[in-house]
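This briefing turns to the pockets of the structure shown below and to the residues that line them. Please keep the sequence at hand while reading the points that follow.

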Amino acid sequence: MGSSTGGLLTIFPTNLKQLFEHVLHEEEHIREIRLRVHAPVLISMGGEEIFLTESGKIEKDIRKAKRLSCLEMEEIMQHICHDSVYAYEEEIKKGFLTLPGGHRVGIAGEVVLNDLGEIKTIKNISCLNIRIAHEMMGAADSVMNKIYQEGRVQNTLIISPPGCGKTTLLRDMIRQVSNGTSYGSPCQVGVVDERSEIAGCYHGVAQKNVGERTDILDACPKKLGMMMLLRSMAPQVMAIDELGGTEDVEALLHVVQSGCAILVTIHGDNVNEIKNKCYLQELFREKVFRRFILLSRKGNDFRIEQILNEDFEKC
């Protein structure tokens, strides 16, 4: 995993850079930095929660934690938006911003609705969740031989509880499928990156390595994106993160019927839990997925628990 501490420090205005400078030297171990008005600065690092003190040191005692003021939060938000929050209104109303390097900032505060009851923007922002984007080249090495059969990518579903590395694994699978491996030739890959987490696009350009033959629709709803890529880019393999409801499934079935292979992730603890989801019944009935990869977490890393075939037998 590479380090881009200098890039992360640009999130913070000059008067707060020194506060975060020390902890960001441990960037490769950090998963999240949670900032809340009048609440402790909380950092998820090395599989545990720690706190930042007023002097920028790491502390496990919450009583010694730095607490952000309203003004400091406003300064951070203005700095992230280059002193023009209005220019970022479209991104803000989706609840997150993507930063250089592919890092994401989740946003919470007072929601403003328009006349149609749709989210117009978020103001009086009181909570920021800075999610550090880690890139693990080779994360998928141990699964690549299982997802190919006779040189063709098999439809694969990655099942994982939250925070167990499914997006990291998917990203490296995309990269390797796109570039080609000893198990199969390079493929044209289409990625629908609804939450900007797979490729970490910033101003439309991927900040993470997703391969040389990969086309990305960033910040696009999965249902719309799958159809757009299918029509416009003729992918051989389609990848999406966090399969949602019935509309996503309908689009996915259309992709499969077109002859395009799929790489998909979904939240879940095991196969039985996924099989019991009503909106997925047709996918299982038609045996759309030929491979199931089950993940769990070990410390600060993910672990591949099982790889199963379409009959739920170990590969």
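How many residues line the largest pocket, and which of them lie nearest its centre? In this predicted model, the largest pocket is lined by 31 residues, and those nearest its centre are Arg31, Arg131, Ile132, Gly165 and Thr168.

**Largest pocket**

- The volume of the largest pocket comes to about 680 Å³.
- Strand 1 (30-36), helix 6 (166-179) and strand 16 (301-309) each contribute at least two residues to the lining of the largest pocket, and helix 6 gives the most, with four residues.

**Second largest pocket**

- The second largest pocket holds about 370 Å³ of space, and of the 22 residues that line the second largest pocket, Tyr88, Leu97, Thr98, Leu99 and Tyr202 are the closest to its centre.
- Helix 3 (70-80) and strand 5 (96-98) each supply at least two residues of the lining of the second largest pocket, with the largest share, three residues, coming from strand 5.
- By class, the lining of the second largest pocket consists of 10 nonpolar, nine polar and three charged residues.

**Points to locate in the model**

- For the largest pocket, a view may be centred on residues that include Arg31 and Arg131, which are among those nearest its centre.
- For the second largest pocket, Tyr88 and Tyr202 are among the lining residues closest to the centre.

Key: Residues are numbered from 1 along each chain as its sequence is written. This is a predicted model: local features need pLDDT of at least 70, side-chain atom pairs count only at pLDDT 80 or more; totals for chains, interfaces and linings use all residues. Side-chain values use heavy atoms; hydrogens and water are left out. On a 1 Å grid over the protein atoms alone, a cavity is a set of points where a 1.4 Å probe fits but cannot get out, and a pocket is an open set with protein on both sides within 12 Å along at least five of seven lines; lining residues have an atom within 4 Å of a point. Grid points are joined across faces, edges and corners, and a volume is the space filled by probe spheres set on the points. Ala, Val, Leu, Ile, Met, Phe, Trp, Tyr, Cys and Pro count as nonpolar, Asp, Glu, Lys and Arg as charged, and the others, Gly among them, as polar.
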